[in-house]
Amino acid sequence: MKAKQYLVLGLGRFGMSIAKTLCELGQEVLAVDSDAELVNDIAPYVTQAMQLDATDEDVLATLGVNNFDAAIVSIGQNTRDSILVCVILKELGVPYLIAKANDDLHAKVLRKIGADRVIFPERDMGARVARSILTPNVLDLMNLSDDYQIIEIRVPSKWVGNSIIGLNVRRHYGLNILAIHRQERFLVSPAPDMLFASGDTVLVMGKKEDIERLEEA
């Protein structure tokens, strides 16, 4: 699969993590910040790193942002700069815009100006940790919409020794098994007759209410 190209603007802790992880996953990343020290820090881990003022439309236009698959605006606490950069990116034709929000009002403005996805890193991580405390079998969870989630969960004990087709997971639980993580292997789209084993973790997708029933299984 051809690597996609991502533009990351703002190299605080969140921006650094996004840029490094995308590169580790085989993607091409241009990381941008006005702070030379941060640019130097990220340079060994990304495809390219540049020091520039992203609020300068003429400078940003030289990057050819419309050629990237997506731009991630992770500018820190300067809400004005974050909004301004997002406006410029939309005007320059970026195909997909992801923006970090500092609060609900900031998020509302970002959506109004056309951000395709708005994220709250600290809030989202806090919600994940809280859920993992209350439901120890849940390893990770991602909301796809108001109704659907993807969740990674330790295989329920009563599933061990049974297969996907034997349990009829889709009919009885309303869930789709996306993958099974077994020891060092990640088995995508597992065969219906594959038996679940003790120690497996399972990546499933479904409605929130069906996932909640699974967590209680």
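**A strand and its two partners**

Author: Five bridges join S1 to S2, and the two strands run parallel; strands count as paired if DSSP finds at least two bridges between them. This is a predicted model, in which local features need pLDDT of at least 70, side-chain atom pairs count only at pLDDT 80 or more, and totals for chains, interfaces and linings use all residues. Residues are numbered from 1 along each chain as its sequence is written, and side-chain values use heavy atoms, with hydrogens and water left out. Strands (E, at least two residues) and helices (H or I, at least four) are DSSP runs, numbered from the N terminus.

Right-handed means that, with the strands pointing away from the viewer, the path from the first strand over the helix to the second runs clockwise.

S2 also pairs with strand S3 (residues 48–51), in the parallel sense and over four bridges. Here aspartate 33 stands opposite glutamine 51 in S3. S2, helix H2 (residues 36–42) and S3 make a right-handed β-α-β unit.

As for burial, strand S2 (residues 28–33) has six residues, and five of them are buried, so S2 is largely enclosed by the rest of the structure. Buried means under 20% relative accessible area, with a 1.4 Å probe and protein chains only; over 50% is exposed, and in between is partly exposed. In a regular strand the side chains alternate between the two faces of the sheet.
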